[in-house]
Amino acid sequence: MLAFLIQRVLQAIFVMFVVALISFSLFHYVGDPVLNMLGQEATEADRAALRAQLGLDQPVVVQFWKFVVNAAQFEFGISYRSARPVTDLILERLPATLELAIISAIFAVVMGIGLGIYTALRRRSWLANFIMTASLIGVSLPTFLIGVLLIYVFAVELGVLPAFGRGETVRLGDWWTTGLLTASGLRSLILPAITLGLFQLTLIMRLVRAEMLEVLSTDYIKFARARGLSKRVVNLRHALKNTMIPVITIIGLQLGTIIAFAIITETVFQWPGVGALFITAVRFVDVPVMAAYLMMIALVFVVINLVVDLLYYAVDPRLRVQGGGK
Amino acid sequence: MSSTPSSVNQSAGIGHEPTAAAQEPVLSVRHLRVEFPTRHGTLVALDDVSFDIAPGEVLGVVGESGAGKSMTGNAVIRLLELPGRIAAGEVHLSGKRIDDLPEEQFVPLRGRHIGMIFQDPLTSLNPLFSIGDQLVETIRAHLPMSEREAREEALRLLREVGIPAPESRLDSYPHQFSGGMRQRVVIALALAARPEFIIADEPTTALDVSVQAQILALLKRLCADHGTAVMLVTHDMGVIAETADRVAVMYAGRLIEIGPVDEVVRNPQHPYTKGLMASIPGIARRLERLYQIEGAMPRLAAIPPGCAFNPRCPHAQQRCRDERPDLMPAGGSRAACWLHDPVDPLPPRLDLEGQEVSHVR
């Protein structure tokens, strides 16, 4: 178990190192920030001074080493645009994105698994068929269109939910702001959470359904029924556990994409999260913010993958036995 | 503990055996018909199948792949694959009709009164649950036992099926057992609630030859001990000859011959059974080439009118192509063949011994 864990952590560190290399190379390939920051009128001396201040005059290897050391301490330098520490900018925006992502992930996972089980067990009912057909819409419509449609129906026509922003927030601790404790915050969360989670919901649902149908046709399910176990035990204990093994991986990866794809939803709903921050950063070639965002998303994926591997370990006894050596 | 239903049932089964056999069959199947509605019309997978199994009796069911052997077992325990359904006929268990029970009332019968063992022990056990868990849940689904009592019972069952050191294996997972050991676990599971009747669907086909004999002997011994009747589905006549009391031969979804195993093996009455027996290699006979019945079993969509075997039968005559024969007394068994019509038997067209030799090319 320990060997398995150490191996996976080493892999994770390697992945982060590679992403750091890519993030770092941004500094050299996305234009010259000094020109952007100082404009046309600056003198050569001004530019050299700024280069020195930003550390851009040093050899590439030294710059990269500094970048990695700083990144390991969550230190990404100063934003070219707002001249504030990037870490502060991200921390300021992170709670909004995380709350949105977590709520839509819960929405997608709970509804996705539930509907997946339902459509697998009641395969022939009209409601299951309707859900399956409707889910095609969820898979095929682009996220921004769903967001715009929801805004049109619930905010413009019906006027029951806010169309943009995060509502009122409450400060918790040093830097965390939450919208979960106010009525307007919760109301503001509904549309973006649905928009962000809908694609994942349909994906999870269709996956659970397909896996469950496959598991239900296996010999051990037939034997479980032949042993006289109740339908409930067969479906929800035996079949569901086997269904979840492949589903866990996909859910894990999808949680990562929820955070990554929050960019689009945040733009549509003017949600003050890191996604919106990243879009602004791209527009202004604010490389430190872009690099930090890239590293953050990579970290999210790596951590989720690690958790998925450990979950596998917990669920599947076949891995536990060979686990250490594998 | 001594008054648990398992022990009551067990002793009752043994005590009743000699007399009950004559009185009431544990399983009685009458005119069973199973259909698969498909887009291209309805396939008849089982057609007018009738047979009885006495308490404690082992009935072997043989036939080629697709003859309806496994289908019969699946229909009796009502685990037919969709869209298969019982279209006609009746199934009685210990005198009580069970084919028309609603599903909720049928579920408790499975495992408790009708057990089932499948072909492949490697896939019969859920890989994510320890065998102890699977045993305990099965026992507790049927018998009023606490978790601890059920674990004790599980240990006893594992010991009974010959798993060495069951205490240390109870928390093991299926992948930690060999195929033969897994089939022992499967047998323990199928017998956990002491059913009076079990369906063993090719229980040894997936096993090594060396393990097959052990598993058959185990199954036979346990069922004899508990007075459990067995429907043994197999295509292996050797298994039938060793294990069964009576044998039923199936062809194209129909039962074509049924009788005591010695009679059917030594003195088969239906031309198909004769061909089947002749095609078994023997140590005594030295042949250049094994005998084979010409042609192939018809697909379910294309079963000929009259006797299903008539296109391949050396004795076939006009009547065989027009009218379907029912089971009729024939020698020591009963066969569905007009050669044995008690009123107006068809004359056999050829001497089958000669026919058999002529087939050996």
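This is a predicted model: local features need pLDDT of at least 70, side-chain atom pairs count only at pLDDT 80 or more; totals for chains, interfaces and linings use all residues.
I looked up D100(B) first: at 48% relative accessibility it counts as partly exposed (buried is under 20% relative accessible area, exposed over 50%, partly exposed in between, with a 1.4 Å probe and protein chains only). D100(B) forms a salt bridge with R97(B), closest N and O atoms 3.8 Å apart (a side-chain nitrogen of Lys or Arg within 4 Å of a carboxyl oxygen of Asp or Glu). R97(B) is partly exposed too, at 31%.

Residues are numbered from 1 along each chain as written, chains are lettered from A and ligands numbered from 1 in written order, and side-chain values use heavy atoms, without hydrogens and water.

Next I checked E64(B) and R312(B), whose side chains meet in a salt bridge at 3.6 Å, N to O. E64(B) sits in the loop between β3 and α2 and R312(B) in the loop between α12 and α13 of chain B, so the pair ties together parts 248 residues apart in sequence (helices are DSSP runs of H or I, at least four residues, strands of E, at least two, numbered from the N terminus). E64(B) is partly exposed at 27%, but R312(B) is buried at 13%.

Then I turned to α2(B), residues 69-76: six of its eight residues are buried. Just after α2(B), I found R78(B) with a positive phi of about 60°.

Last, I looked at E160(B), which forms a salt bridge with R156(B) at 3.8 Å. The two are four residues apart in helix α6 of chain B, about one helical turn.
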